[in-house]
Amino acid sequence: MFGASSSTPIARKVLAAAAHWHVELQCGGADPAALQAWRDASAEHERAWELLRRMDGQLGAIPAALAMPALQAAQQRRRAAAKVLAMLVAAGGGIALGQAGLQSAPWQAWTASLRTAPGQRRHVTLADGGRMEVNTDSALDVAYGATHRRIRLHHGEIMITTASDARPFLVDTPHGVIRALGTRFGVRCDADDSTVSVYEHAVEVRCAARPDAVRRLEAGQQLRFSASGSEHVQAMSAHQDSWLRGMLVAADWPLQQLVQELARYRRGRLACDASVARRPVTGTYRLDDIDAVLESLCASHGLQVTYFTRYWATMAARPV
């Protein structure tokens with residue numbers, strides 16, 4: 001199971017109390033026993049504290065509060081608590097903590113602990129010995145705890161090779177939750193949906209709006225899903241992991257699709273004029289120099305690229 005859920009929003013006064021406890025704990029003024037008693041007083045208190053924990057230290061430290069005179073320190077703590085409260089409300093004051101899927105606000109992607117820029121890829125060795133490859137323009141957090149291993153993918157693409165471990169391995173996206181069943185699998189998270197592709201063994205998928213409905217995927221299968229539901233399970237596309245080798249393989253793709261994929265690896269805006277959007281393209285393209293790929297496409301397909309600025313380009317038909 002993925003854990004119990006609650007649909008009841010957390011009351012603002014409870015979030016405010018959690019923010020206060022967080023600040024006092026950082027400043028050294030909190031009694032741990034009193035804090036534990038507050039957490040134990042109700043399930044809602046514990047949910048608010050769990051929300052703080054899930055924010056993974058992104059709230060930051062309280063600067064120099066203890067070194068200030070008493071009145072100034074109190075004012076600093078109130079300001080700090082107000083900031084924490086604002087982040088708590090934005091992060092999940094009105095959503096269920098156990099709900100399937102990561103309710104990702106923009107600030108979570110901006111402050112993610114692991115990010116790649118457009119065109120950048122990274123290899124990460126996880127704490128349990130597993131491996132993770134991170135593709136271009138991605139933002140995620142790694143949260144390993146005593147009872148689970150969790151990756152929170154805010155946007156972008158990753159490839160996971162899990163290590164043997166008794167703790168469940170979960171990947172959250174804004175659209176649902178993926179549970180690994182001893183596997184190698186890829187997850188891509190776009191604005192409207194996520195796609196999971198299984199290369200070894202199997203995974204389970206739960207959409208955010210239907211956490212009780214489980215879809216199981218075996219090796220060679222992929223599934224696209226949104227917060228509201230999922231499509232039919234399909235066979236995995238060929239060469240889908242070619243980005244791991246710095247390549248993009250197109251097999252009779254519409255030019256629009258190829259341009260959209262290339263745009264992920266290049267800063268700025270790269271568009272395709274509607275007059276050439278449906279032209280079929282087949283080829284293998286290197287991802288480390290997108291401008292060189294565009295030049296090659298222009299030479300081989302009678303196209304041209306118009307640059308409005310260095311970071312704003314449009315591919316269109318070459319004038320006759």
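Predicted model: local features only at pLDDT ≥ 70, side-chain atom pairs only at ≥ 80, totals over all residues.
The side chain of Gln222 forms a polar contact with the side chain of Gln240, at 2.9 Å. Gln222 is situated in strand E10. Is Gln222 buried or exposed? Its relative accessibility is 11%, and because buried means under 20% relative accessible area, Gln222 counts as buried. Apart from residues up to four places away in sequence, Gln222 touches a series of others, including Thr195, Val196 and Ser197, as well as Leu217, His232 and Ser237.

Gln240 leads on to the largest pocket. Which residues lie nearest the centre of this pocket? They are Arg188, Ser237, Gln240, Gln257 and Glu261, out of a lining of 35 residues. The elements that give two or more residues to this lining are E5, strand E7 (176-189), strand E8 (194-207), strand E10 (221-225), strand E12 (247-254) and helix H6 (255-263). Of these, E12 gives the most, with six residues. The volume of the largest pocket is about 860 Å³.

Strand E5, one of the elements in that lining, contains Ile160. Ile160 has a relative accessible area of 0%, and therefore it is buried. When residues up to four places away in sequence are not counted, Ile160 touches Arg131, Met132, Phe169, Thr183, Arg184 and Phe185. The C-alpha atoms of Ile160 and Tyr199 are separated by 9.8 Å, although the two residues are 39 residues apart along the chain.

Thr162 is found in the loop between strand E5 (149-161) and strand E6 (169-173). Why does Thr162 count as buried? Its relative accessible area is 18%, and the cut-off for a buried residue is under 20%, so Thr162 falls within that class. The side chain of Thr162 reaches the backbone oxygen of Thr183 at 3.0 Å. Leaving aside neighbours within four places in sequence, Thr162 is in contact with Gly130, Phe169, Ala180, Gly182, Thr183 and Phe185. Thr183 is likewise among the residues touched by Ile160.

Arg131, another residue that Ile160 touches, is the bridge partner in E3 of Thr125. How many bridges join strand E2 (residues 122-125) and strand E3 (residues 131-134)? There are four, and the pairing is antiparallel. Five residues stand between the strands of this hairpin, in which Gly129 takes a positive phi near 95 degrees.

A positive phi is also found in residues other than glycine. Asp137, which is not a glycine, has a positive phi of about 50 degrees. This residue lies in the loop between E3 and strand E4 (139-144), and it counts as partly exposed at 34% relative accessibility. His239 has a positive phi near 60 degrees and lies in the loop between strand E11 (234-235) and E12.

The protein has seven helices and 16 strands. Of its 320 residues, 46% are buried. Among contacts between residues at least 6 apart in sequence, 50% join residues at least 24 apart. The protein exposes about 15900 Å², and carbon and sulfur atoms supply 52% of that area.

Technical notes: Residues numbered from 1 in each chain as written. Heavy atoms only, no water. Buried < 20%, exposed > 50% of the residue type's maximum accessible area, 1.4 Å probe, protein only. Polar contact = N/O pair within 3.5 Å; in protein donor to acceptor, adjacent residues only side chain to side chain. Contact = heavy atoms within 4.5 Å. Pairing = 2+ DSSP bridges. Areas by Shrake-Rupley, 256 points an atom, 1.4 Å probe, with all protein chains shown as cover. 1 Å grid on protein atoms, 1.4 Å probe; cavity = no way out; pocket = protein on both sides within 12 Å on 5 of 7 lines; lining within 4 Å. Points joined across faces, edges and corners; volume = space filled by probe spheres on them.
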